[in-house]
Structure formats: structure tokens, C-alpha cells
Amino acid sequence: MMQNKFIDKKKSIDFSLGNLNLSLDLNKNVFLNELNFIKNINNELFIIRVENKLVPKNKYKIEKVSKNTDDNFTVISIDFSQNFEKDFFKGRISFVQKKKNIIDFIFQLSARWHKDIPKKVLLKFPFIINLHKNKNFLKPGDIFDGKKRIKKGVWNLHEYPPSIISDNLGIESLGFEFYDQFPWQANYNLGMSEAISSENFEKFETEVQLTQELTDIILMKIYTSFKGREKIFSLWKENTRKRYDLRKYHDGNNRWIKKNYLQHFMFAYGEEAFDYKKIEFKINQIIKEGKQFGGYDSILFWHQYPRLGLDESNQWQLYKYLPKNYKTIKKIVDICHSHKIKFFIPFKPWDIRSNESLDSHAKSLEKFIKETNIDGFFLDTMSSLPESFLKIQKKFPSFEFCSEGTPREQRQIETLTSSWDQIGDIRRNFKVDINSNFFRFLFPEHPLNLVSRWSVGSDKDALIKRAAFNGMGMVIWQDIFGCWLPFSIEQKKKIKSLKNILKKYHKYFYGNNSIPLIKTLSKKIICNEFSNSDGKQKIYSIYNFGSNKVNGRILKLPIEVIEFKQIYGKKVNIKIEKKQNIFYLLANLDANDVILVNIKFKI
Amino acid sequence: MKSFVNKKIFIESNEYTYRVEHLTLEGTCSTDHGPRNVKIKNLLVDKYPVTNQQYSFFLKKTGYQPRDSQRFLEHKPNKKIFNLPVVFVSQNDAIAYAKWVGGRLPTDEEWQYIAAGPKYLDWPWGNKFNPSLCNHDGNKLESVNAYRNGESWCGCVDMSGNCWEWTAGIHDDGNHQFALLRGGSYFYAHDHWHVGGGARKNNYHWKLQILNEGMNRAATLGFRCVYDAK
């Protein structure tokens with residue numbers, strides 16, 4: 001099989017096109033020099049079915065093979081054609097290399113239909129399916145736990161981290177990315193990025209709409225690394241981030257949001273927030289209780305939902321009905337500010353009435369900011385920032401927006417500079433998994449606050465561990481629209497400890513050098529790496545997801561260690577071992593435990 | 001506008017199986033929704049919700065002033081709307097009126113029996129929804145006697161649609177205070193995240209979470225009274 005050839009011997013990707021057999025040679029220089037034409041492999045690039053009839057694979061006619069190269073750019077293309085019944089197909093396979101370690105594989109196809117009437121065309125890609133079958137193939141976010149592949153990395157945006165094939169040592173690696181510019185676009189990558197993550201990928205067959213012009217069907221970006229999957233992730237991260245305009249994150253005016261580690265959700269209708277006898281909000285009490293969590297950095301006031309809709313009052317009018325109307329909010333904001341706590345109010349995008357617009361809501365917001373001095377606007381179910389609201393930020397440069405959903409698309413990510421990492425569903429026996437959030441590692445400048453509103457008991461414990469494992473802040477939400485689901489004293493202590501660590505090591509957690517799911521030496525251990533800018537110090541978040549204690553080597557460290565210390569989690573016995581000039585981190589880690597370790601290296 | 005008498009209707013004591021459905025959007029409604037056996041004592045009940053005229057008369061006679069008047073009678077009752085149900089009243093405002101007339105607010109269980117009766121009707125007038133028998137989607141409040149054909153088994157009118165009705169009591173789950181509303185209203189907010197609008201079935205209540213009086217009053221929220229009878 002081609003995969004074994006790549007991994008063990010020839011370092012090549014082989015596939016065939018009718019009688020033409022091709023091999024993409026990936027030697028150690030990883031420059032695209034030449035395509036080798038080899039024989040006797042059965043790894044077809046694609047199979048076409050036209051109205052349920054298979055197009056014979058041995059009838060492709062190679063029209064042209066061309067190669068253009070200069071110092072910066074290499075392109076190799078193969079043009080082919082095929083007559084099938086009364087229709088005529090043309091195609092092109094191209095390899096494009098602009099830089100070391102990244103090669104674009106492009107597959108294009110066109111059709112000239114008999115009497116100009118299009119037919120239903122289905123495509124299958126045995127070549128990619130065979131990659132998927134490789135025993136060392138890991139879908140995006142997967143790890144191999146010794147028995148099976150399991151998902152330990154998640155993401156929720158329109159960028160898809162690459163699938164990876166590594167050698168048995170996990171060193172030589174190839175990454176495969178199928179970038180979807182727009183998930184509903186015809187033909188282009190065909191939802192491959194989602195499909196390759198599914199269990200049924202072997203049956204993946206998809207429809208294309210062919211015209212007389214060559215249309216992009218597959219654009220597979222191949223990342224190559226001799227430094228393991230970590231390097232594949234870094235290459236993908238670097239390549240992906242290049243598309244983004246992230247200036248807004250590095251504008252000094254918005255920096256406070258990056259230190260919004262703990263946000264309190266202040267549900268107005270309950271004993272936590274409201275004194276029913278005095279008819280006033282218990283803001284001082286909330287701030288005081290927040291110290292048990294390490295202190296709130298912001299408070300989100302919430303009183304519109306689930307009350308909106310009882311009559312025609314809109315979301316802004318409901319503020320007027322509070323005791324002393326806007327003055328109540330102003331007073332709360334002033335108290336918060338005296339404790340260096342920022343204050344958010346929510347927007348209800350679903351409450352835009354027929355006589356309202358986003359512009360009119362922006363005007364209401366502007367008036368509200370002037371009257372109350374609030375610091376931020378929580379966008380609720382809307383995870384994009386409309387132009388009307390962006391203009392607010394021009395008038396109030398330190399004003400921030402945050403949404404309950406992590407933004408998914410490019411413009412949203414560029415403009416909406418904070419959000420929740422919200423998980424959970426009350427209706428589906430939801431279990432909080434401890435895994436890596438790839439968005440957080442791709443855009444570390446975008447602060448995420450973890451929340452799972454309905455989780456209780458052991459799931460709340462897992463939530464705190466998940467926040468620690470990903471080095472992210474949390475939402476402290478205990479009154480869920482009238483259901484009181486508090487954190488325990490022990491849980492509060494753990495959150496307090498985590499907040500202190502996030503604050504102390506802010507530059508590590510929110511710097512740009514973090515990598516999720518680095519290689520570990522135990523099949524039941526996963527680890528994220530956070531690094532300061534010069535790489536002299538790193539924080540490793542380590543999680544034992546197995547059901548037994550892990551005792552021994554956990555990580556192979558990159559260079560000589562000067563100092564090390566555990567900074568979070570139940571105290572465990574950690575050691576550094578030096579053997580044959582290689583440094584290892586050893587630990588005695590209980591099942592289901594998360595620890596954070598800070599290591600200083602000799603550079 | 002021609003005025004009319006809001007006469008009292010006698011309801012003989014009985015037992016029935018209380019079972020209620022609710023929608024609280026997210027969260028729960030911490031009350032026992034049944035099925036459970038409930039005993040109803042002999043009662044007199046207002047045929048209609050209390051009107052603006054009745055409430056204005058109460059104000060004139062008693063000089064009632066709520067401690068917190070935020071939004072109190074925000075619609076400014078006048079003769080043109082005398083026959084419309086009084087709204088923008090909190091539960092306290094409703095109780096003050098009921099006491100003055102020698103009555104009280106119906107309990108959640110009583111309200112359901114008054115609407116559904118011993119035959120457990122789904123709607124006051126029967127088991128099938130009929131928009132011509134209630135102010136379901138009418139864009140504004142209407143006179144309490146506008147849908148006399150939609151009367152309940154005992155002759156009570158306007159029990160579904162037009163305006164929500166307070167029931168008695170503040171429920172306290174230890175962390176929250178809330179009241180239960182009945183009947184639905186004319187108003188329909190457009191989104192599924194809004195409070196569900198329109199006329200509501202007999203076995204439906206909505207949990208109104210209590211805050212200050214300004215928040216406890218609404219343009220769609222009125223009441224009717226019951227009176228303990230021998």
C-alpha cells in the first residue's frame with residue numbers, strides 16, 4: 001500500500017490514473033522536483049459515475065505533462081481527457097509548491113455534455129480513502145491510545161486542522177488539509193474536511209456540478225514534517241493565520257478583555273442577585289462571593305430573558321422598569337468599577353422588532369453607554385459583529401463585545417474579539433470531556449471563557465479541569481434562569497487556583513506559541529504546550545484520561561532543563577530524568593487528573 | 001362604551017385531578033404539576049376579568065397608592081377603555097383590589113377548575129381551539145365581554161387570550177420567587193425565545209419570575225377575583 005511506502009521506505013504518495021501511475025516523492029528536502037511515473041499500484045485518484053454508470057478507469061488519455069519552476073515556485077501539471085458515451089471529460093492534476101513543507105495538490109474536472117444537458121456525476125476518491133485506512137492515520141484532533149483512535153481535540157470554526165499520518169515513531173509526518181472557503185460552495189473540496197472526520201468515509205461519494213471549464217474539485221494542502229505532529233500543527237496554524245487580519249486583537253484599547261478570566265453571569269431573578277425585601281440588587285454581595293473564585297473580572301447582568309415577550313416592551317425598555325431605571329445599572333457599574341470589575345449587558349438579537357434595525361439598537365446602546373458607563377455588550381446567540389456595533393467601538397475604543405458562541409468565520413473572528421467556549425446540552429446526557437480546543441490554540445489572542453450551564457457534580461469538576469487543560473478562563477454561572485446550580489467550596493478553590501495561574505502566567509497562555517496535543521510517552525496521557533515568546537520557559541498541561549494511575553515517563557523534553565515545578569492540580573511527584581543526554585518528565589499521575597507544570601529550559 | 005355588571009358565578013365544591021403543562025423556556029418550574037387530586041371549595045368567581053372601570057372605582061373609593069408605582073396603570077385607564085381588562089397591575093395591586101371587594105385571587109388549581117371544569121376541557125369552550133372565541137392574535141386588548149360565546153362550563157368569559165391573569169401566591173423555591181400566570185394574552189412576540197404568546201389552554205401556566213414592581217407589571221397582565229362561599 002502507498003502509505004507503507006511513504007512511512008517506511010520511499011516517502012512517497014502514490015496513486016494511479018488509468019494506465020498512468022504517479023508517485024509524489026517527498027524526500028527529506030521536501031521540494032517538489034519531479035513526479036515519478038511508476039507502475040502496478042492500485043490507488044486510484046478518483047472514480048467517476050455518470051448517471052450510475054462507471055467511467056472505465058483505463059481510458060484516460062494523457063494530453064500534456066508540464067513543469068514550471070523558478071526559485072520560489074514549482075508547478076507540475078498533468079492534463080487528461082476521457083470520452084464516455086457521448087460526453088467528454090477533461091481534467092487536470094497539479095502540484096504547486098511555494099514553500100518548503102507545504103504542497104498543494106489540486107484536482108480539476110470539466111465536462112462537455114451531449115446536447116448541453118448536464119448529467120448527474122458522482123465522484124469517489126480511493127486515493128484519499130486509502131490514506132484514511134492507514135493504521136497511522138489520525139483524523140483532526142485524534143490521538144491513538146494504543147488500541148484505538150480517539151478524539152481529544154475539538155474545534156468549531158470554518159477552518160479544519162489537518163489529518164495526520166506519522167511513522168510508527170511519530171516523527172515523520174504528513175498533514176492533509178481540505179480547506180473550505182465557504183462550506184456551501186459547489187464542488188470545491190466537497191465537504192471533504194467534514195467527511196474525512198466521519199466513520200463512514202470509506203463510502204464517501206459526492207456529487208459535482210461539471211461545466212465546460214475546469215472546476216476545482218479537490219484542493220488538498222499537504223504539510224510535511226520531520227518533527228512530528230506538533231510541527232504539522234504549527235505549519236497549519238502559521239498558514240491559516242496568514243489569511244486573517246488580527247490587528248484588532250493587538251490594539252491596545254482592547255487589551256482588558258484578554259484578562260477577563262472569570263465572568264460572572266448575574267441572573268437578576270434570584271436570591272444570588274436580588275434582595276426581595278430591600279428591592280435592590282446585591283452587587284456588593286456578589287463581588288464579595290466572587291472572591292471565593294479568585295475574584296470576578298467582569299459581570300454580565302441578565303434580566304431580559306426569559307421575561308421578554310410578555311408584552312410589547314422591547315429589550316431596552318425593560319431597563320427602564322428596573323428600580324430607578326437606568327440609575328440602577330449606573331450604580332451597579334460604579335460599584336463594579338470601584339473593584340476593577342468590568343460590566344456587560346446583553347443584547348437579544350432575536351428581539352429585533354419589525355420597526356427596529358441594528359442601527360436603532362446601536363443608537364440605544366450608545367445612549368446606554370453614555371448613561372451608565374458599561375464596558376461591554378454580550379451578543380447572546382449572535383456570534384458576529386455587525387457594522388452598526390463596530391462603529392460603537394470607534395466612538396468608545398475600549399468597549400468590548402463578547403458572544404456566547406465562538407465565532408466560526410473569518411470576518412467574525414477578526415472583529416469579535418472574545419467569546420464563550422460553551423458546551424453542553426441539557427437534553428442529551430451531556431458529559432464534559434477534557435480535550436483540546438483547537439480554536440484556542442489557533443487564535444490564542446481571542447479569550448474564551450468556558451461554560452457548561454447545566455453541568456453539575458462531577459461534570460463541574462471536569463469543566464474546571466478542561467479549563468485548566470486548555471489554559472482558559474470560565475463563566476461563573478450558578479443561577480441558570482431560575483435553577484440554582486452552585487459550585488461547591490472545593491470547586492471554588494480550584495477555580496481560584498486556576499485564575500491565579502492564568503493571571504501569573506498570562507504571557508504563556510495567551511502567547512502565540514502554544515500547541516495542542518503534543519506527543520507524549522504514555523498512551524493515556526494527553527498534553528498541551530504553552531510557551532513564552534523566547535521558548536525558554538514552557539507550561540505543560542497534562543491530563544491522564546485513562547482509568548489507572550500513570551507512573552513514569554510522560555514527556556520527552558526538547559532540551560536541557562534548568563528548573564521545573566508543578567503550578568496547578570493535586571500535588572504529584574514529578575521528576576526530570578536525564579538519560580543519554582535526553583531529558584524526560586516523569587510523574588505519578590492519578591486517573592482523571594489534570595496538572596500544569598512549568599519548566600525552564602537552558603537555551 | 002356601555003358598561004355592564006361583572007357578576008359573580010357560583011361554583012360548587014368538587015374534587016378534580018390537577019395536571020398542568022408549562023413552558024419555562026430554559027429552566028424549570030418548581031411546582032407540583034400533578035396529576036394530583038385537588039379539592040375545590042364552594043366559590044364565587046368573577047364572570048369577567050376585573051375591568052378598568054372597576055379598578056378606577058376602587059382607586060376613587062380607596063385612594064389606593066402602591067408603594068412602588070413604577071408602570072402602575074401605565075395605560076392610563078379612561079372611559080373609552082373602561083370595559084377592557086385592567087392591566088399594568090402587579091400581584092400586590094390585584095390583591096389590594098380583591099380584598100376591597102371581599103375576595104381574593106384564585107389559586108392556580110382553582111383557576112384551572114374554573115376554566116376546564118369537571119369534564120377537563122382543553123379550552124374554556126370545549127376541546128378544540130377556536131380563534132373566533134377568544135382574543136388570540138388581535139394586536140390589542142379587547143373588551144372583557146367581546147367573546148361571550150367562549151365562556152367556560154360555568155359561564156366565565158375571557159379566560160383564554162386577551163390578557164394573562166394573576167393567580168394567588170408567591171412561590172418560593174428557596175432561591176427564587178415566582179408567580180403563576182394563566183390564560184395567555186392577545187399578544188404574540190415573534191421569536192421562540194420570547195414568552196409564548198396568544199391564547200393558552202386551560203391546563204397551561206407560565207412562571208413569572210418576580211422582581212421589582214416595575215418588572216412585575218405588564219401591558220398584558222390582569223386578574224379576576226374569587227370569593228369564598230358557603
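Chain B and chain A bury about 3,100 Å² between them, and carbon and sulfur atoms give 57% of that area. Buried area here is the accessible area (1.4 Å probe) that two parts lose on being put together, summed over both. On the chain B side, B:E26, B:L211 and B:M215 lose the most area to chain A, together 21% of what that side buries.

This is a predicted model: local features need pLDDT of at least 70, side-chain atom pairs count only at pLDDT 80 or more, and totals for chains, interfaces and linings use all residues. Residues are numbered from 1 along each chain as its sequence is written, chains are lettered from A and ligands numbered from 1 in the order in which they are written, and side-chain values use heavy atoms, with hydrogens and water left out.

Now look at who touches whom. The contact (heavy atoms within 4.5 Å) takes 36 residues from chain B and 39 residues from chain A. Two salt bridges link the chains. A salt bridge is a side-chain nitrogen of Lys or Arg within 4 Å of a carboxyl oxygen of Asp or Glu. B:E26 forms one with A:R453, with the closest N and O atoms 2.3 Å apart.

Next, turn to chain A. Its domain assignment, automatic or from a database, gives domain 1 (2-241), domain 2 (248-504) and domain 3 (525-601). The centres of domain 2 and domain 3 of chain A, taken over C-alpha atoms, are 33 Å apart. These two domains of chain A bury about 1,100 Å², 65% of it on carbon and sulfur atoms. In domain 2, A:K465, A:F469 and A:I501 lose the most area to domain 3, together 49% of what that side buries. Between these two domains, the count of salt bridges is zero.
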